[in-house]
Amino acid sequence: MFLDFSFGIMKDFLSLFFIFIIIFISIPVLIYSGGYIGEYRKNYSVKYHWSMLILFLLSMIGVVLSSNSILFMVFWEIMSITSFFLVIYEYKNKENLKSGILYFVMTHISGLFLMFMFGFIYKYTGQTNFIKITQMYSNLETHKGIIFIFALLGFGAKAGLVPLHPWLPKAHPSAPSNISALMSGVMLKVAVYGFIRVVFVLLGGVSYKYGFILLFTGTLTALYTIINALLQNDIKKLLAYSSAENIGLIFSILGLSIILNSLKLYESSIMALTAGLFHCLNHGVFKSLLFTGAGSVLYATGTKNMNELGGLHRKIKFTSICVLIGTAAIAAIPPLNGFASESLIFMSFIKSVIAIKSKAFVLMIVICGTALALVAGGAIYSAVKAYGITYLGEARSKKAENIHRIPISMNVGMAILSLYSIILGVFSPFIINFISKYTAQYIFIKEYRLNFIGYETIFISIMFIVIITLITIVSRILDRKNKTETYETWACGFNNFKPNMQYSGDGYSQPAARYFGFVGGYKKEVIIKDTITLKQRVHDVIERQLYNPVVDFITFISGRIVKIHYGKIQIYISYIFITLIISVILVLKLV
Amino acid sequence: MIINIIQSMILIIAAPLFSGILKRIKAILRGYEGAPVLQPYFDIKKLLSKERVISKSSSFITTVGPIIILSAAILSAFLTPVFFTAGNELIGNMFILIFILSIIKFFNTLIGLDCACTFGGMGSSREMFIYMFAEPVVFLILAFVYFETKSFNIYKIAKLNAVRTDISSAHIVAAIAFLIWLIAENARMPVDNPETHLELTMVHEAMILDISGRDLAYIELASAIKLAIFLTIFINIFLPFGMAVSLSAAALIKAVILYLIKMLVFLLIIAIVEISIAKFRLFRVPELIAASFSFAIAAISMMYFS
Amino acid sequence: MLEILSAVILISAIIMSSLRRVNLLIRGFSVQSLAISLVCFTLGFKTGEVHYYIIGALTLLVKTLIIPIVASKSVRELKINREMKLIIDGYWSSILTALSIATTYVFLDNFNNDFVKAGFVLMVLGGIILIGRKKAISQMIGFLVMENGLVLFEISMIKMTLIIEILIILEVLMLSVIMGVMVFYINKAFDTVNTDYLSNIKE
């Protein structure tokens, strides 16, 4: 056979790191699934779920391990299809089928671009084996641009870069929560893996122009999706948008790394790539935690609309503590893991600027960094909204009062994830140094040893714990002297309290909607008749402006094409016959 | 090492004094006597000996929140140089400092939502709204400081700037940006009125309406410490002249006196700003922060592009 | 000294670009002109050229004193203190200001003189004020800020002759007088100084 079809596996640092992410995160999520699936036992097949889930995990490991572009694509497609089946697991709900189909289409667009990309690589190098491509990437020198663009489109569609993101906020809420945890926490990272593999390893770095394209796309994604996340009231939709935001953050830091690499500033470039890789791991952990938390809420109450929830801390206290840790992590609260990678990202933005000579570059990088800082603020806003409205206060509807008990396995899964979040944060300096060492060695093939934050995070964590303990002791002593009494909420003496007087999800983000609402298609309507009603609506602007016309057009074309169906076998045979004759003529004429 | 701990302890202990002085200056400028400068200490003592009343809607956030808030404030005090810096401390990364200060904000907003009170939600939402806009300014100020001194370590920055003799115009513009951010972050006047409990001005006070007893004492103490820390950071980044860089008695005494003078000057400035500007409408606060943003950008441009 | 003055010039310009009150706008302009005249005096003191002193004195006289006094008087008489609806509102105009400052500094980075860049920034910010406001007086202030930028340009690199500079300042003075008269008549004709209503003249 003319193709070199060796079934070797990739054993370099990049693959091992991502395999670590997959296994590390999927274990607690699998434990969680054990309890979570019970809910579906009545209506759906549990065996089907488990087999698809295992196949999904194995195919992701396959993607990361495969050392061959054909094998890569095979596993990639298996991953896409199994995840599609998992998204439409609750097939009896028509809405889920709809979003599943959107996901299916998007994932195939992604696959198509990747197919093109690997085709081009094969055309120019004659190789499918990754290691051999690396050895002869000089052949690719003049064609890097087209390959980069296809990689960006292909992997970007899978990861959820704007404007290829609309499947994320649709597929995640439709999928069962353990699946959304895996899809957001792990599958998006597999797309990031593919991108790093192609752009950093196979192409051996590209020109800074492409780095800027990536930086801008990432920043735009982060800005667009965080504002949309802020405006959502569906917990899982909010988390889905926030996943896209983090992907934007990761891709923009990768873009920065490319820019620095092409300017031969390897040290800063390694730092940026390290920040990106570390954020992959961290985002996987805390986003899985938050999605599993959303799953627990869904399990316990049957709704994921924030405006019907509230006061869950009383009934599901353990979940609410775990989710608090996840929320603090996504809000970059030290010493948790979100803080570790986010501060590293911002530090590498600032540090990189010092080294770059060109002022226009510096200007663009500073502006992107500033936009990402706004995104970080928005991330805290949306995280506090998601947590505060859902878990704190009083129940806003009957659903939030009648609560199912949560199985122990779900709590165990979440506890492990929160533990990860703390460990990865406190011991972040070791992890960062470890990643940077191997990144330098295997991706840039340079020897650099970097010390980023130093070890002060650990010291500070210890100090923080000591101070908290001291103050707790003081409080205990004070409490022994003074009583603690529980009353109704004071609220400036207003004593006719009703739960729906609390701030709702809409109200909480309304100030931001007033400034950035146009990004999320925010519309406010006040109808004054006998009673006053306030309606606030949001929609995804890109989806409505870009996707709906395309969908309408395709529906229109399909409507026309349908007319050649008559349902008679003879007519179909004649179609086939005519096609055959035309193709024979074409082949004879042209070849 | 020991001197660092001592100076941080002094900062923590003196923090309520600074807010007392600020209140007194405001009172004098407005033409009345005002409470004694030690009043915040009396308030805290009174609150600590009162019984604790919590809402029946509240959760574990109300229990642990105030403790964590106070711990974060104290921890950040230990990461800040006050009047002495050797420049070779292991701790003091600006990023970590800023993020630790954001713990206070995070738990404050959660406490606001915790007791199921409308006002709390309102304050929490507004606080987050302001915080979101302030974040880019923080990034730009940190970037500016890094461009100027090539360091993220606040002890090192203070040392480098303490021995510097020339000040560039970028430095002044950046200082203005920082000052606006300081006012926004500490809920001072044009952004939030710390003196009243009116619904219109409710940002910071609204979140802690249902907190009482020792919890309230903790939060009040934490916000006093936070104001003192912000002013100290400001002084040590932008005006650290006269700071002690060696451990001699003369240098230390000079440094302490200069520090106190600078502190008083800035308290006076804040007091003047507070009595001369009316509180902004919430939706005009982003304009103020945007002005701070453009100051920071201008500072970076002048620093880096010239 | 020069550093502080150039900082004051920039700070005043940035604050002005997001101000709503006409009174404060005028005061900011006055402070800015004062700083510019001080810059002129400092440069004159350093180089010993009479040229700088003359420009400084003229700026001090015309822009720090006469124009602000005239303008605030007309503001008081016409009772127009506040811009109601800005075309570019405060927030976005500050963002725009920030971006234009950064781009200006990037594109002029091969000039080694701070005042050239500051002058250019003033021209751009004056333009933003001019475009973003509706009241005729604030538009006049925008125009004057642009003129201040020109002065900075002039004293830093481009050696204009003294006569031209004096002519420019006189022209500005004339402009403010004409503007004052015009504003008065606009107010008389339309009961407002909002320039939107000027389109009513069109048939």
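In chain C, contacts (two residues whose C-beta atoms, placed from the backbone, lie within 7 Å) with a separation of 6 or more come 72% from residues 24 or more positions apart. Keep in mind that this is a predicted model, where local features need pLDDT of at least 70, side-chain atom pairs count only at pLDDT 80 or more, and totals for chains, interfaces and linings use all residues. Residues are numbered from 1 along each chain as its sequence is written, while chains are lettered from A and ligands numbered from 1 in the order in which they are written.

Okay, what is chain C made of? It has 7 helices and 0 strands; those are DSSP runs numbered from the N terminus, H or I with at least four residues for helices, E with at least two for strands. Of its 203 residues, 46% are buried, meaning 20 or more other C-beta atoms lie within 10 Å of a residue's own, with C-beta atoms placed from the backbone.

Now over to chain A and helix 15, residues 408-426. Its 19 residues should span 27 Å at 1.5 Å a residue, and the end C-alpha atoms are 27 Å apart, so that agrees. The expected span is 1.5 Å times one less than the number of residues. Its buried residues include A:Met410, A:Ile416 and A:Tyr420, and among the elements covering them are helix 1 and helix 11 of chain A.

Last stop, chains A and B. Their contact takes 64 residues from A and 69 from B. On chain A's side, helix 14 gives the largest share, 15 residues. Strand 1 of chain A and strand 1 of chain B run parallel, joined by 4 bridges; pairing takes at least two in DSSP. There, A:Thr484 stands opposite B:Arg52.

Technical notes. A residue is buried if 20 or more other C-beta atoms lie within 10 Å of its own, exposed if 12 or fewer, and partly exposed in between; C-beta atoms are placed from the backbone.
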